[in-house]
Amino acid sequence: KADWKQTQEYAREWIEFQGGKLDPFERVLSKWQPKKPLPIQLNDARSARNNDTLLVGLSDLHFGGKASKEVLFSGKDFNSETIRGILQIYAQKIADHVNELKTKYGRVAVVSLGDILHTLTGFTVKGTPLSTDVIGEAQFELAMDCLVEFMNQMLRLFPKVDVYAVKGNHAGVGDYILYRAIQAHFRTDPRIQFHLSKSRQACFRIGNVAVLMDHGASDVSKSMIPTSGASKEAYIQALFLAYPDILNGTKCRLMLQGDRHRFMCEELRGFEHVILRSEE
């Protein structure tokens, strides 16, 4: 009876949401305040700048996910307490790289490849149950806290920040909603620009390099990027050809993918294919 009562409540809220009467994130965003960014070590930010762009990947952070060390290669538990530390270490690695340079990058492109949220409901979009640490508003707030902090750290290191984001197959549209909220937070800061896709794919250009983004798996179908051979090469080539305006005049093509939770870099005919793990 308790389960049925809860099911009825979820159904009522869903009907209200569909009718525009319920905003599931209103309670979070109406009271949300960003936390003070954790310090990172950096050299004089006024050093000479060049026209180069640093490409920074964010993929498969799975805010709210939970796994025990027994099933992970890292030998450490994964939960909401570890993710802020992962991003902080990552931001410091980026700062260390920048500190070593005599001239600094003029811009950074932060590329978010999906599955930033694990699941807001405890299930994938397709209905598969997932192990979670926090869900709903708590997961959304955790992710927003950490990513706003990370973007603020990028703004300390670079004069211009471009954020490109696609959605993953776990939370689906939740990834898009998250970045729309972060975009709203930075709306008065002209140094940071957001380029958000409502699908799992997007393409943009850095100089003479065409950069294609694809999470690697769909939230609504069983469509996935082939794993090897001529089928993978043909599949990715077809994705590039869907963006003729961006390809025109480029000399290099870079394909970035998430989903696999491991790093891989492979040179194929006409492009380079890179799969990113959680902190690349």
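I count a residue as buried when its relative accessible area is under 20%. My subject is a predicted model, and of the 280 residues in its chain, 45% come out as buried.

Next I looked up the overall layout. I find 7 helices and 9 strands in the chain. I also checked the contacts between residues at least 6 apart in sequence, and 74% of them join residues at least 24 apart.

Then I went inside. The largest nonpolar core has 43 residues, and I note that Leu58, Phe63, Leu147, Phe150 and Tyr179 touch the most other members. Elements giving two or more residues to this core include the strands β1 (53-58) and β2 (107-112), along with the helices α3 (80-99) and α5. The biggest giver is α4, with 12 residues.

Leaving out residues up to four places away in sequence, Phe150 touches Val56, Leu58, Leu87, Tyr90, Ala91, Ile94 and Val110. Apart from the 43-residue core, I see another core of 13 residues, with Ala109, Val111, Leu113 and Phe204 among them.

Last stop: helix α5, residues 173-185. I get 19 Å from its first C-alpha to its last, close to the 18 Å expected for 13 residues. Which residues of α5 are buried? My list reads Gly174, Asp175, Tyr176, Leu178, Tyr179, Ala181 and Ile182. A reminder to myself: an α-helix has 3.6 residues a turn, so residues three or four places apart point the same way.

Technical notes: Residues are numbered from 1 along each chain as its sequence is written. This is a predicted model: local features need pLDDT of at least 70, side-chain atom pairs count only at pLDDT 80 or more; totals for chains, interfaces and linings use all residues. Side-chain values use heavy atoms; hydrogens and water are left out. Helices (H or I, at least four residues) and strands (E, at least two) are DSSP runs, numbered from the N terminus. Buried means under 20% relative accessible area, exposed over 50%, partly exposed in between (1.4 Å probe, protein chains only). Contact means heavy atoms within 4.5 Å. The expected span of a helix is 1.5 Å times one less than its number of residues. A nonpolar core is a set of buried Ala, Val, Leu, Ile, Met, Phe, Trp, Tyr and Cys residues joined through side-chain atoms within 4.5 Å.
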